[in-house]
Amino acid sequence: SSGINAEYGEMSEQKNGNGAGNGAANGATGDIDESLYSRQLYVLGHEAMRKMAASTILICGMGGLGVEVAKDVALGGVKSVTIQDTKCTSYEDLSTQFFLRDEDLGRNRAEATLPRLVELKEYVSTKCTTEPVSTALVSQYNVVVLTDSSREEQLSIGEFCHGNGIKLICANSNGVFGSIFCDFGPEFRVSDTNGEQVLSVMVSAISKDAT
């Protein structure tokens with residue numbers, strides 16, 4: 001981790017509030033490291049993992065939901081992750097965002113999150129930006145995740161992404177309620193092996209009795 005943090009310190013002094021984490025991009029050769037992703041390969045298969053390894057992802061909003069998405073995506077082995085936020089850390093964030101600390105109060109949430117996110121996966125290029133969400137920003141990625149956006153922003157960015165072949169996910173979490181909207185373009189297909197409805201059952205009791 002020390003080497004990663006040192007590199008982060010050298011590279012984060014960029015203009016426009018942009019910071020860079022580790023620079024090792026996964027999937028540069030198209031090969032999947034089976035020693036790193038053996039469990040995912042078993043579940044997802046090589047084709048899905050190759051698509052993930054070629055994905056450049058922008059995650060907007062580093063609140064409780066955004067940081068969870070960023071953590072899971074980085075650990076999943078994508079090519080690059082950029083986290084975006086214009087908000088500064090508040091006391092409320094300390095109860096929902098597990099990477100933020102007391103000393104981060106008043107700091108930009110993306111900048112405060114970056115060094116801790118970088119430590120999770122040195123093989124994934126991880127960066128941050130503090131510039132506002134715009135079509136110019138999202139045009140640099142092939143997957144965009146909005147987690148802290150207004151309806152107006154979701155509609156405008158959604159229209160741009162749909163017209164430019166960029167995958168879009170809009171997610172919100174409000175207390176015990178949540179919502180998600182996905183637009184993966186007109187060419188996206190859902191594969192169903194048998195066309196049958198997924199079965200749902202209730203477990204009433206569990207015992208150690210084998211019979």
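Okay, quick housekeeping. Since the model is predicted, local features need pLDDT of at least 70, side-chain atom pairs count only at pLDDT 80 or more, and totals for chains, interfaces and linings use all residues. Numbering runs from 1 along each chain as its sequence is written, and side-chain values use heavy atoms, with hydrogens and water left out.

Let's begin with the largest pocket. A pocket here is an open set of points on a 1 Å grid over the protein atoms alone, with protein on both sides within 12 Å along at least five of seven lines, and lining residues have an atom within 4 Å of a point. The volume is the space filled by probe spheres set on the points, with grid points joined across faces, edges and corners. For the largest pocket that gives about 860 Å³. There are 23 lining residues, and M52, S55, V143, K167 and F184 sit closest to the centre.

Which elements each supply at least two residues of that lining? They are α3 (46-53), α4 (64-76), β5 (143-146) and β6 (167-174). Helices and strands are DSSP runs, by the way: H or I of at least four residues, E of at least two, numbered from the N terminus. Helix α3 gives the largest share, three residues. By class, the lining has 13 nonpolar, six polar and four charged residues. Nonpolar means Ala, Val, Leu, Ile, Met, Phe, Trp, Tyr, Cys and Pro; charged means Asp, Glu, Lys and Arg; the others, Gly among them, are polar.

There's also one cavity of 30 Å³ or more, a cavity being a set of points where a 1.4 Å probe fits but cannot get out. The largest cavity comes in at about 30 Å³. Its lining is C161, H162, G165, I166, K167, D183, F184 and G185, which splits into three nonpolar, three polar and two charged.

Now, salt bridges. Side chains of opposite charge can pair when their charged atoms come close. The cut-off is a Lys or Arg side-chain nitrogen within 4 Å of an Asp or Glu carboxyl oxygen, and the whole structure has nine of these.

Buried or exposed, K51? Exposed, at 57% relative accessibility, and E47 is exposed at 57% too. For the cut-offs, buried is under 20% relative accessible area, exposed is over 50%, and partly exposed is in between, with a 1.4 Å probe and protein chains only.

R109 and D93 form another bridge, with closest N and O atoms 3.0 Å apart. That one links distant parts of the chain: R109 is in helix α5 (residues 109-118), D93 in the loop between β3 (80-84) and α5, 16 residues away. R109 is buried at 5%, and D93 is buried at 9%.

Then R107 bridges to D104 at 3.3 Å; R107 is partly exposed at 35%, while D104 is buried at 1%. Elsewhere, shared partners join D85, K87, D93, R109 and D148 into one salt-bridge network.

Last stop, T113, also in α5. T113 is buried, at 0% relative accessible area. What does T113 touch, leaving aside neighbours within four places in sequence? With contact as heavy atoms within 4.5 Å, T113 meets M62, V67, I83, Q97, F99 and L100.
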